[in-house]
Structure formats: C-alpha cells, structure tokens
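This report asks how the parts of a chain are arranged around one another. Please read it alongside the sequence and coordinates shown here.

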Amino acid sequence: MAGQTDDSKRDVTVLGLGTMGRALAGALLAGGARVTVWNRTPGREGDLVAGGAVAAASAAEAVAASRTVVVCLLDHASVHEVLDPVADRLAGRVLVELTNGSPEQAGELAGWAGRHGVELLSGGIMAVPPMIGTPAAFVLYSGSRAVFEEQRPLLDLLGESVFAGEEPGRAALQDLALLSAMYGMFGGVLHAYALAGAGGVAAGELAPLLRRWLGAMSDFVDGAAAQIDSGDHARDVVSNLAMQAAAYPGLVAVSRAHGVDPALLTPLGELMRRRVDDGHGHEDITGVVELLRTREG
Ligand code: FVH
C-alpha cells in the first residue's frame, strides 16, 4: 500500500444498490468519500447521485473509478456474475465483499482474488440498513490485517469495524453464528406473542415485559461461553437442567391448549430431555451444545 495518499483511500466504488448497498453508499457519501455507484438495474442510484455520487454506466467503469470496491449483492452467485467479467480491472485494487455467504464461499472468493491479484476483505454486516453509519452498526472483516488497517478509515464510516482474523471465512462464520442466535430470539419472541395473544394479551402489552426479560436473560451469553469453553457444564450452575427439563413440557402443553403450535419450542425440549436422560440433569442447559455437535470441532 506504499504510495497511497489519503485522498486515494477515500475513493470508493459500491457495486449493488439494493437496500443495503444504498445504505452503504449513503454512509460513505455522508462521511466525505468520493463514491461511484453501479447497479445491474439502472434507476436505483437517483438519491445517491443527488447527494454527490457518480453513477457508472457499467461495472467495469465503476471498478476503474476507485482503488476500493465494495460489493453487496444478493448472493455469492451474483457476486461472481458481476465480478468475473471485470476481474482484470480489479487487479491491484481492494475488494470489500459484504454479501451474505458461507465461510466456504468466502474461501473460494479469496482463492479467486488471489489468482487475479485482488486484495480481498470478506465482511459480515451486523446491522440492518437504517443502522448503517450509526454507532449501533458493526461489520466483521477477515483477510489481510494490513489491508484491513489501511482501509479502516473508510470502513469505519459504515459502522464499527471488527477484525475477525486473517482466515478468509472467519467473518462469515461469526456472522452466521450471530444470525443463528438472532433467529432463535425471533422465534422465541414470535411464540411469546402468539401465546400471549391467544390468551387475550396484545403484543404491545407484553412488549415492555419481554424487552425487560430478554435484557435480564442476556447475561446467559457470557456465562454460557465460560461453561462451553471450559467443557464444564456443571460449573456455576444456577438453574439445573433437570429442573428446566421438568418445567419445559408445561410450555408446550399450555401452547397446545391455547391453540398455539409449539413447533418453535419442541426441538429444544427434546434435546434437554435427551441430555437429562444421558445423566446430565445436574448440569446447566449449556450441555445441550454437546448434542448439537455432530462431528469433532
Ligand atoms: N437488508 C438486510 O437487512 C441485510 C442486513 C445484513 C446483510 N444483508 C445482506 O446484504 C446483501 C444485500 O442485501 P439487500 O438488502 O441490499 O438486498 P436487495 O435489496 O434484495 O438487493 C439485492 C442486490 O443484488 C443485486 N443482484 C441480485 N442478483 C444479481 C445478479 N445476478 N447480478 C447483479 N446484481 C444482482 C440487485 O440488483 P437489481 O435486482 O436491482 O438489478 C440488488 O442490487 C445480501 O447478501 C443480504 O443477505 C442484508
């Protein structure tokens, strides 16, 4: 990166102007970057151009405009569809890939980038579009630490930049782990609203209680990490699994009795019961993680 000027670090191209791509481009513009944008379907760049962005006529033109190229498209296949034809132009530039994907896809793209002389940072956006550019947003990156540090002033315009490691798939792995937890929470919240609603309690009435309860229970995250990393699920147990497994069928039965499908609850209940049956009732619920591992990690 020798010879780079501060100005050249603030030239950035955004490929893909979906809901997220537009938010990314908007935050970069707001942060003072010179932004070039391109989208497969024209017409999505209007407000960005009004805000100072340059609309490129083609992906090739867009890539040529900046040393840093951010790509945020629907999926891995669309990334290759857009980038393969412009690989030669990307050589010597930094590609910041923010499309959702798997660790394996990130690894594949890292190989592709290496063969084409492209510096790759693979990112995982931990934000929804309105959060981009606010302190609530953070983005995970993997790739070369030197490239990450060089790009950081630009990346920080999107949200807090968190370096996940040099292994290409690491950001994607952490992103998907965080999304798994998010969907578990979404499932729990939806079940809670369905059950409360079946008994005549409106979601809006339950909401402040739910927010308070989930906030208090978020301490589980750190305690569970200590138990899981030590492999000692009997350490610092507050509510043992046998007790929880005994109470859990009540949630399922009451749901059924109120006409609410317990589909989102039953898998965890079955795992808890198996773990108790295997002799781990004195431990914490974190021992369930041992049943989720289908091969040695
Ligand atoms: N939006 C969100 O809440 C989440 C937050 C976390 C990160 N995700 C991931 O971000 C990627 C983009 O998501 P998005 O919300 O911008 O998605 P869309 O609004 O549907 O825009 C999709 C863009 O992809 C373009 N595109 C699709 N297929 C192709 C293709 N074959 N060739 C070129 N471009 C393609 C599409 O273009 P167009 O349909 O307007 O022509 C949009 O620009 C995604 O990975 C999320 O998982 C978002």
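Against which elements do the buried residues of helix 9 pack?

## Helix 9 and its surroundings

In this predicted model, the buried residues of helix 9 pack against helix 7 (103-115) and helix 10 (203-217), and also against strand 6 (119-126), strand 7 (138-143) and strand 8 (160-165). The buried positions of helix 9 are Arg170, Ala171, Ala172, Asp175 and Ala192.

Helix 9 comprises 29 residues (170-198), which at 1.5 Å a residue should span 42 Å, and this agrees with the 42 Å between its end C-alpha atoms. Just after helix 9, Gly200 adopts a positive phi of about 90 degrees.

Eight strands make up an open sheet with mixed pairing, in the order 3-2-1-4-5-6-7-8. Strand 3 (54-55) and strand 8 are at the edges, and because each has a single partner strand, one side of each lacks a neighbour in the sheet. Helix 2 (residues 19-30) packs on the sheet, where it touches strand 1, strand 2 (34-38), strand 4 (68-71) and strand 6, and its direction makes about 165 degrees with that of strand 1.

Strand 7 and strand 8 run parallel and are joined by five bridges, with Phe138 opposite Glu160 in strand 8. Helix 7 lies across strand 5 (94-97), strand 6 and strand 7, at about 155 degrees to strand 6.

## Val14 in strand 1

Val14, which belongs to strand 1 (residues 11-15), counts as buried because it has 33 C-beta neighbours inside 10 Å. Beyond its neighbours within four places in sequence, Val14 is in contact with Gly21, Leu24, Ala25, Leu28, Val35, Val37 and Val70.

Methods. Residues numbered from 1 in each chain as written. Predicted model: local features only at pLDDT ≥ 70, side-chain atom pairs only at ≥ 80, totals over all residues. Helix = DSSP H or I, 4+ residues; strand = E, 2+ residues; numbered from the N terminus. Buried ≥ 20, exposed ≤ 12 C-beta atoms within 10 Å, placed from the backbone. Contact = placed C-beta atoms within 7 Å. Expected span 1.5 Å × (residues − 1). Pairing = 2+ DSSP bridges. Axes fitted to C-alpha atoms, helices over the stretch in contact; angles between N-to-C directions.
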